[in-house]
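Colleague: I am new to this structure. Please take me through it, one feature at a time.

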Amino acid sequence: MAGAAAPVLGALLCALLWAAAAAGGSPAPGTFGRVYRGTVNISTERVYAFGYSSEPGQVDAVRVYVNSNSENLQYPVLFVVRQQKGVLSWQVPLIFRGLYQKTYNYQEVSRTLCPSEPTAEMGPSDQVIFVDVASMAPFNIAYELLVTRLENFQLETNKAFNFTASPSQPQYFLYKFPQDVDSVIIKVVSDAVYPCSVVSVQDIVCPVYDLDHNVEFNGVYQSMTKQAAITVQRKDFPGNVNRTWNLQRTKNLQVTIVPSIKKSVYVQAMIFSFLSFLSFYLGSVVVAFVHYIRVQRKALADRLSPEDGSGIMTSSHPITASTPEGSSYGAIDESSSSGGRQLSSPERGLPAGSDTDSSVEEESDFDTMPEIESDKNIIRTKVFLYLSDLSRKDRRIVSKKYKIYFWNIITIAVFYALPVIQLVITYQTVVNVTGNQDICYYNFLCAHPLGVLSAFNNILSNVGHMLLGFLFLLIVLRRDILHRRAMEMKDIYTLDYGIPKHFGLFYAMGIALMMEGVLSACYHVCPNYSNFQFDTSFMYMIAGLCMLKLYQTRHPDINASAYSAYASFAVVICLAVLGVVFGKNDMWFWVIFSIIHVFASLALSTQIYYMGRFKIDGPDSDLGIFRRAVMVLYTDCIQQCSRPMYMDRMVLLIVGNLVNWSFAIFGLVYRPRDFASYILGIFICNLLLYLAFYIIMKLRSSEKLLPIPMFCIMATAVVWAAALYFFFQTLSSWEETPAESREKNRPCILLGFFDDHDVWHFLSAAALFFSFLVLLTLDDDLDVVRRDKIPVF
């Protein structure tokens with residue numbers, strides 16, 4: 001039946017079209033300013049022709065007014081206006097869609113035709129406009145037509161002009177910059193608030209986008225209630241330049257529609273995500289339980305074993321083995337380093353509960369000590385330093401100093417995260433309202449929406465950072481509580497043995513890990529070039545805090561304060577923002593950044609080499625600055641060129657400076673567009689270099705790696721290797737156009753829900769967690785070693 005009806009339908013349409021053409025006949029000559037009334041139906045079409053002449057250099061604009069009393073949306077009246085270089089068409093009733101899918105019908109429509117271009121001919125040029133009126137209605141529909149020439153089409157500077165506009169009757173006018181004017185402000189005012197209007201400024205190019213659904217496609221625009229102002233510069237609107245390209249612009253396409261995932265897959269993915277990381281909680285509980293059993297057994301064995309006269313268990317004296325004779329750090333006279341230990345001995349007399357943050361004396365009050373050893377310049381510039389030399393300050397003061405790291409990072413996190421969350425919600429709202437999916441760079445082949453979120457899987461996969469960050473906080477809290485209990489019991493090993501226990505930096509690291517998950521999730525709400533720094537800001541802080549923690553381990557008295565550390569991070573983030581803005585093509589930015597990078601590396605190296613005791617000052621005059629610098633260079637670089645005073649530190653700093661200078665040269669030559677990742681690479685390489693140096697020096701000093709830190713180191717290496725593999729599986733790239741970015745999109749690889757980047761989120765969270773555990777447990781073997789036997793490096 002359908003096959004037989006198709007030829008009949010085709011013949012009927014053909015006959016109707018021929019009938020309409022015959023009924024229309026030749027165009028009726030039209031007169032500007034005259035109202036034409038008539039009727040049209042499926043077999044009747046009206047054609048009007050309007051002709052006029054344009055003087056050389058003159059811009060003429062024509063406006064067409066039409067209306068129809070018909071409200072039949074099934075059979076509207078169709079108007080087609082044909083010009084020399086374009087066609088404009090609309091229907092009456094004209095339908096506009098507003099908010100919440102509301103529709104508005106208009107029986108009156110008027111449009112300004114794209115003005116004819118001024119010609120350079122000597123005489124006037126003739127222009128012709130054809131207006132076709134038609135309808136597919138089987139009955140007559142009445143209409144009215146009026147065509148006029150606009151007399152005030154071109155606006156003038158400093159001269160107000162009044163007009164009326166509506167959604168179905170938009171208005172636009174022409175403005176040309178005078179010869180001596182390069183910038184103007186277009187001001188539009190109205191007494192009425194409703195309806196909301198749009199003011200648009202476009203170049204002199206046809207077609208003109210003057211309807212609500214296309215006014216955003218060209219130029220600049222503002223929404224308006226009672227007033228609007230747009231600053232326009234001549235350079236932004238060069239005028240109409242004819243440019244054409246004869247290119248092959250066809251391509252073969254293939255469309256495939258596949259079903260989306262079911263709700264059960266969402267549930268499975270969420271269960272998998274939470275159970276995967278809750279298993280870390282279970283493992284931590286098992287390790288803590290095993291540790292508790294071992295401690296109880298050891299305590300029972302110690303109670304059953306005989307004690308020596310000092311009250312210390314004889315089974316707990318393998319202390320001297322930690323630094324054997326012939327160690328690279330040499331042996332200073334016992335009296336030389338034991339003095340520092342004795343000076344810290346008043347800690348033994350601290351009352352129970354003295355580890356609180358109660359009012360204590362200022363830190364500077366504890367920097368003055370009697371005898372020659374009290375001079376920090378003497379202590380810290382000894383060739384061989386031990387931990388007792390750099391842990392002389394009151395433990396309460398130092399502990400309070402490091403707790404500032406924790407409270408400050410919470411404040412920073414709140415003030416940083418709230419605007420970020422607000423911004424990405426705005427991004428997502430714009431995507432949902434406009435339907436423009438070129439704003440956000442998703443992996444569209446594996447982007448599963450949930451609610452208002454376009455790619456819920458990229459957000460869910462960041463739950464690991466938050467869960468493992470919180471678990472790390474619990475682990476640190478447990479260690480902190482055990483340490484406090486030992487202090488209350490006046491345990492001698494807590495007072496004079498092992499690395500000083502300051503947990504402020506560890507707490508800050510845990511918060512930073514949680515915030516990395518929050519901000520990474522925010523970035524993946526709408527990933528693009530503008531908000532990528534949200535994903536990396538706390539990565540800078542994590543890397544910096546880890547380096548500070550490593551340095552603090554054996555330099556507790558001279559580590560950076562929280563204020564200076566976070567101020568340095570703020571400078572880095574500011575540089576990252578400047579790099580995002582200027583780092584793409586501006587050579588001057590890279591020159592300045594490379595100079596800052598090199599000089600910062602040298603300044604930090606100097607402070608590390610001299611344990612913070614290098615000061616460029618002179619007692620006599622400003623010339624003393626240069627005299628001191630020359631003397632230091634001569635003494636340390638020329639006299640002792642073959643053997644620096646601090647060989648190990650010198651090796652580390654030379655390698656570190658070479659790495660940083662290489663980064664500076666690479667950035668200067670290649671100028672990578674992803675500046676945020678470039679800075680992150682600098683931080684990570686410096687952290688890995690310092691960690692490797694620390695572990696090598698630890699083993700070189702005959703210190704041990706216990707099973708737990710050894711396991712954490714191996715797990716860190718394996719998980720990081722796997723994570724980086726998935727990280728480099730590029731699924732999208734905001735360095736390219738949205739269309740080019742989609743060429744990299746790939747299907748899901750895990751549970752039909754997560755893509756490669758989601759797996760990177762899972763693995764990187766675990767890798768960071770194990771990395772933190774390495775720093776937390778690395779020196780557990782030193783808990784039974786006296787501090788005057790623990791070398792500093």
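Modeller: Helices (H or I, at least four residues) and strands (E, at least two) are DSSP runs, numbered from the N terminus. This is a predicted model, so local features need pLDDT of at least 70, side-chain atom pairs count only at pLDDT 80 or more, and totals for chains, interfaces and linings use all residues. Residues are numbered from 1 along each chain as its sequence is written, and side-chain values use heavy atoms, with hydrogens and water left out.

Colleague: Is Ala512 buried or exposed?

Modeller: Buried means under 20% relative accessible area, exposed over 50%, and partly exposed in between (1.4 Å probe, protein chains only). Ala512 has a relative accessible area of 0%, so it is buried.

Colleague: Which residues is Ala512 in contact with, beyond its sequence neighbours?

Modeller: Contact means heavy atoms within 4.5 Å. Leaving aside neighbours within four places in sequence, Ala512 touches Ile409, Phe538, Ile542 and Leu545. Ala512 and Met466 are 46 residues apart along the chain, and their C-alpha atoms are separated by 9.4 Å.

Colleague: What does the whole protein look like in numbers?

Modeller: The protein has 18 helices and 15 strands. Of its 793 residues, 42% are buried. Take contacts between residues at least 6 apart in sequence: 78% of them join residues at least 24 apart.

Colleague: How do I read two packed helices?

Modeller: Two packed helices are described by the angle between their axes and the distance between the axes. Axes are lines fitted to C-alpha atoms, for helices over the stretch in contact, and angles run from 0 to 180 degrees between N-to-C directions. Here, helix 10 (residues 533-554) packs against helix 11 (residues 562-582) at about 145°, with the axes 10 Å apart.

Colleague: Which residues of helix 10 and helix 11 make the contact?

Modeller: Helix 10 contributes Gln533, Ser537, Tyr540, Met541, Gly544, Leu545 and Leu548. Helix 11 contributes Ala565, Tyr566, Phe569, Val572, Ile573, Ala576 and Val580. Now the general idea behind such spacing. An α-helix has 3.6 residues a turn, so residues three or four places apart point the same way.

Colleague: How do I check the length of a helix?

Modeller: The expected span is 1.5 Å times one less than the number of residues. Helix 5 (residues 395-434) has 40 residues and should span 58 Å; its end C-alpha atoms are 59 Å apart, which agrees. Helix 15 has 26 residues and reaches 38 Å from its first C-alpha to its last, close to the 38 Å expected.

Colleague: What follows these helices?

Modeller: Look at phi. Gly435 follows helix 5, with a positive phi near 75°. Ser702 follows helix 15, with a positive phi near 65°. Ser702 is found in the loop between helix 15 and helix 16 (707-727). With a relative accessible area of 38%, Ser702 is partly exposed. Arg671 is not a glycine, yet has a positive phi of about 50°. Arg671 lies in the loop between helix 14 (647-670) and helix 15 (675-700), and is partly exposed at 30% relative accessible area.

Colleague: Which polar contacts does Gln202 make?

Modeller: A polar contact is a pair of N or O atoms within 3.5 Å; within protein, one must be able to donate a hydrogen and the other to accept it, and residues adjacent in sequence count only if both atoms are side-chain atoms. Gln202 lies in the loop between strand 13 and strand 14. The side chains of Gln202 and Ser200 are joined by a polar contact of 3.2 Å. A polar atom of the Gln202 side chain also lies 2.7 Å from the backbone oxygen of Tyr209. Gln202 is buried, with a relative accessible area of 18%.
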